[in-house]
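Please read this note beside the sequence and the structure, and check each point against the model as you go.

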Amino acid sequence: MWNRVELKARGKAAFMKNYIACVVVALVAALFAGEAASGGTNLRFNFNNRNSNVGVEDYFGNNFDYSTGDDLDDFAEGYFDGIAESGLGRALLGWFSIWVIIISLIMIVVKILVGNVLEVGSARFFVLNQTGQPGIATILDGFKSGHYGNIAITLFLRDLYIGLWSLLFVIPGIIKSYEYLMVPYILAENPGMDRSEAFKISKQMMNGQKWAAFVMELSFLGWYLLGSICGLVSLFFTNPYREATFAEMYSYNKMMAYQQGYIR
């Protein structure tokens, strides 16, 4: 059984010796997997504009109390309720809902057709990075392998299975996600492998290791929290460090699989 501390030490060493390439590959893979942070929209309203349809004094009269937040909360609630009940408000809400659906569908398609294939390319990069210094272009190997369709379909089915299992109170989905954890690495080295065989080998590799892999994920929690405060930490350290560590776990599991004879 692998040792978490040793895997993280080897992963960190491999990451640091090819630092820039590791950072870029981890960033590209995260972006196309839909894991990048998105910014919000900040809206401003000038309640005291005399040309507006509804002003503060119009809503409350001259007795509006600016010194407390209660009247302002009541005003805001009435103001936005009025917009929502108007024909313009309903139209805007309808168009907004349509665009949210369209953008969500586009992101799903990009994840299936591009993000998952880049995930396999990223896995290949970090496996090769253990013993060499592969270039950033390695992340595109899934597209150039001649087995693009097999990679895209296999990882789509992986995501589908995990999603369906997650409907059973979430925990089964988490278990399945660790059971299929090795699939991208297996396809990275065997892009033409039959999908059922890739799932089977990943399941065998992770047999008795799912909890340990979960604990190793938790060991990055401090870095994740720091990254939530400062995104640059995730970009320049946490993400490539994690990817390099799990690539080390795959290499260990592959060695054990050879010794146990269920892969040749």
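1. Basis of the model. This is a predicted model, in which local features need pLDDT of at least 70 and side-chain atom pairs count only at pLDDT 80 or more, while totals for chains, interfaces and linings use all residues. Residues are numbered from 1 along each chain as its sequence is written, and side-chain values use heavy atoms, with hydrogens and water left out.

2. Overall make-up. The protein chain has 13 helices and zero strands, where helices (H or I, at least four residues) and strands (E, at least two) are DSSP runs numbered from the N terminus. Of its 264 residues, 35% count as buried; here buried means under 20% relative accessible area, exposed means over 50%, and partly exposed lies in between, with a 1.4 Å probe and protein chains only. The chain exposes about 15,600 Å², of which carbon and sulfur atoms supply 62%, the areas coming from the Shrake-Rupley method with a 1.4 Å probe, and for residues only the protein chains shown count as cover. Among contacts between residues at least 6 apart in sequence, 67% join residues at least 24 apart, a contact being heavy atoms within 4.5 Å.

3. The largest nonpolar core. This core holds 51 residues, and Phe126, Leu181, Met182, Tyr185, Ile186, Met205 and Met249 touch the most other members; a nonpolar core is a set of buried Ala, Val, Leu, Ile, Met, Phe, Trp, Tyr and Cys residues joined through side-chain atoms within 4.5 Å. The elements giving two or more residues to this core include H1 (4-17), H2 (19-32), H5 (87-128) and H13 (231-260), and the largest share, nine residues, comes from H13. In soluble globular proteins, nonpolar side chains tend to be buried together. Residues up to four places away in sequence aside, Met205 touches Met182, Ile186, Tyr250, Asn253, Lys254, Ala257, Tyr262 and Ile263.

4. H1 against H2. How do the axes of H1 and H2 cross? They come within 5 Å and cross at roughly 105°, the axes being lines fitted to C-alpha atoms, for helices over the stretch in contact, with angles running from 0 to 180 degrees between N-to-C directions. H1 and H2 are therefore roughly perpendicular to each other, since angles of 65 to 115 degrees count as roughly perpendicular, those under 35 as roughly parallel, those over 145 as roughly antiparallel and the rest as oblique. Ala14, Phe15, Met16 and Lys17 in H1 meet Tyr19, Cys22 and Val23 in H2, and the residues of this contact divide into six nonpolar, no polar and one charged. In this grouping Ala, Val, Leu, Ile, Met, Phe, Trp, Tyr, Cys and Pro count as nonpolar, Asp, Glu, Lys and Arg as charged, and the others, Gly among them, as polar.

5. H7 against H8. The axes of H7 and H8 come within 6 Å and cross at roughly 155°, and the two helices are therefore roughly antiparallel to each other. Ile162, Trp165 and Ser166 of H7 make the contact with Pro172, Gly173, Lys176 and Ser177 of H8, which by class gives three nonpolar, three polar and one charged residues. In H8 (residues 171-179), Gly173, Lys176, Tyr178 and Glu179 are buried, and the buried residues of H8 pack against H7, H10 and H11.

6. The loop between H7 and H8. Phe169 lies in this loop and has a phi near 65°, a positive value in a residue other than glycine. Val170 has its place in the loop between H7 and H8, with a phi near 70°, again positive in a residue other than glycine. Most residues other than glycine have a negative phi. Phe169 is exposed, with a relative accessible area of 77%, whereas Val170 is partly exposed, at 48%.

7. Two further residues. Gly135, found in the loop between H5 and H6 (141-144), is partly exposed, with a relative accessible area of 40%. Gly135 and Ile20 are 115 residues apart in sequence and 9.9 Å apart in space, C-alpha to C-alpha.
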